[in-house]
Amino acid sequence: MDQLDIVIVGAGLSGLAASIQCALSGHRVTVLESAKELAEIGAGLQLTPNCTRLLQRWGVYETMKGPVEPKTCTVYNYKGKVLAHEDDFGKNIRRKYNAPFSDSHRVDLQQALAKRASDLGVDLALNTRVVELDFGTHEGDKATVTTSTGTKYTADLIIGADGLWSACRSIALGRKDAPLPTGDLAFRIVLNIEQITDPKLKDMVQNAGVRFWVGPDAHVVAYSMRGGTVYNIVLLVPDDLPESVARMEGSTDEMRGLFEGWDPVLTQFLDCVDQVDKWKLMHRPEMKSWINQHSNLVLIGDACHPMLPYLAQGANSSIEDGAVLGLVLASPHFSSRAQLPQALQLFQKLRKARGEAIVRETFKQRHDFHLRDGPEQEERDALFASQLGKEIVGAFPSRWTCPEVQPWLYGYDAYKEVEDALRERGASL
Ligand SMILES: Cc1cc2nc3c(=O)[nH]c(=O)nc-3n(C[C@H](O)[C@H](O)[C@H](O)COP(=O)(O)OP(=O)(O)OC[C@H]3O[C@@H](n4cnc5c(N)ncnc54)[C@H](O)[C@@H]3O)c2cc1C
């Protein structure tokens, strides 16, 4: 086995996950991150067992600040009528998948991942923007990464984990390649418990549950984080941001106006909000390959499969990517410089179809959650009603509890996936 020099562009969730697993596999890892600090960007994240089992395995989950396991999962229609409800949701998830469903602040996860990476000897350079990649001229050449200050890093492998606006992707494709609007945007709200005065609402935050409200062209998801002291609310609505604006501060009046006439419980929460951000939700067409021609760059996470956040799988699947890539590079069969092209092909074989299938599923969830009042919505609600209070059977409009979708999302075990693939090839970890 060779010790590879791996440079990861981006210390987001995919980059840090890859850094941990690559370091555990014995490689020298450097992570270059343009941000000055790992500060609060974004808000809450729902972490599902396909990811938390990795966080547990890496010893990261235990070190995270205040993850909250929701007790219940409920879907209301926009007027507040219960369409679906699971009482022991958190418990059932642990029983079925042997790992938790957990709600956290993004920065709490990011900092816990960064701490573990640093303990493993990963070199993390903040305030370091990558501006150029040189892949050499032949397969097997070393690559060079150049930052905005002119510092150069040499790598056997560059991992492009630089998110939705990935420069690595554009450089590899040799053309500017901007993400595309999905037609929706998210109002992201974080409420501290002190901002909520109504005792009934306070109780909803402290007794954690995941709640959805679904209505015409829009839906809402809300959950508690940081030990039940903070409530995260995301409002998903049609995008009205100018084409050139990806994110801006939103107007609370506009936000409340959009949800006038919705469930009073939801509008009461919205009355507590004094500041809100609007995020354009973007996606990208599928790529032919996530690997460059010289087999010394591979893309992971939002750089290659950004999705709608409607199944909360963007970060979860990005962390799966990092784990699978690092694990493939642990195998004596695949961890030499000469074997890198084969290792990357195996990674892509294991990950690309799944990543892209999850993207498609998020759009199906939008369809089912955003129906306008009419025959199709009535049919959906009749299906919801037919299963209320029973064990759900067959395809279900909320994939969060659907027995056909939940198992392939949450049951995924990156370790098992790689072990099985290696065994098939007569190799092992
Ligand atoms: C409203 C909303 C809600 C969401 N909720 C969930 C959820 O509940 N669960 C979930 O799993 N996912 C959720 N997601 C998706 C999730 O946030 C992303 O899928 C995830 O962060 C992708 O991780 P990443 O590492 O690929 O990219 P990022 O986390 O975006 O990280 C990329 C990093 O690269 C850095 N970078 C970029 N360019 C350069 C450069 N040139 N040089 C150096 N560094 C660079 C950036 O600063 C950044 O730190 C949500 C997204 C949105 C918009």
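Which residues are linked in a network of salt bridges? In this predicted model, the network joins Asp2, Asp5, Arg28, Lys142, Asp156 and Arg337. A search of the whole structure finds 29 salt bridges.

Glu320 pairs with Arg354, with the closest N and O atoms 2.9 Å apart. Glu320 is buried, at a relative accessible area of 0%. Arg354 is also buried, at 11%. Arg351 and Asp321 form a salt bridge as well, their closest N and O atoms 2.7 Å apart.

Another salt bridge joins the side chains of Arg247 and Asp277 at 3.5 Å, N to O. Arg247 sits in strand β16 (residues 247-250) and Asp277 in strand β17 (residues 276-283), 30 residues apart. Arg247 is partly exposed, with a relative accessible area of 42%. Asp277 counts as buried, at 18%.

The ligand is surrounded by 29 residues; Ser14, Glu33, Gln46, Arg106 and Ala315 are the closest. This shell comprises 11 nonpolar, 12 polar and 6 charged residues. Helix α9 supplies its largest share, 4 residues. A polar side-chain atom of Arg106 lies 2.6 Å from a ligand oxygen. A backbone N or O atom of Gln46 is 2.8 Å from an oxygen atom of the ligand. A polar backbone atom of Ser34 lies 3.1 Å from a ligand nitrogen. Taken alone, the ligand exposes 1,000 Å², of which the protein buries 85%.

How values were computed
Residues are numbered from 1 along each chain as its sequence is written. This is a predicted model: local features need pLDDT of at least 70, side-chain atom pairs count only at pLDDT 80 or more; totals for chains, interfaces and linings use all residues. Side-chain values use heavy atoms; hydrogens and water are left out. A residue is near a molecule or strand if one of its heavy atoms lies within 4 Å of it. A polar contact is a pair of N or O atoms within 3.5 Å; within protein, one must be able to donate a hydrogen and the other to accept it, and residues adjacent in sequence count only if both atoms are side-chain atoms. Accessible areas come from the Shrake-Rupley method with a 1.4 Å probe; for residues, only the protein chains shown count as cover. Helices (H or I, at least four residues) and strands (E, at least two) are DSSP runs, numbered from the N terminus. Ala, Val, Leu, Ile, Met, Phe, Trp, Tyr, Cys and Pro count as nonpolar, Asp, Glu, Lys and Arg as charged, and the others, Gly among them, as polar. A salt bridge is a side-chain nitrogen of Lys or Arg within 4 Å of a carboxyl oxygen of Asp or Glu. Buried means under 20% relative accessible area, exposed over 50%, partly exposed in between (1.4 Å probe, protein chains only).
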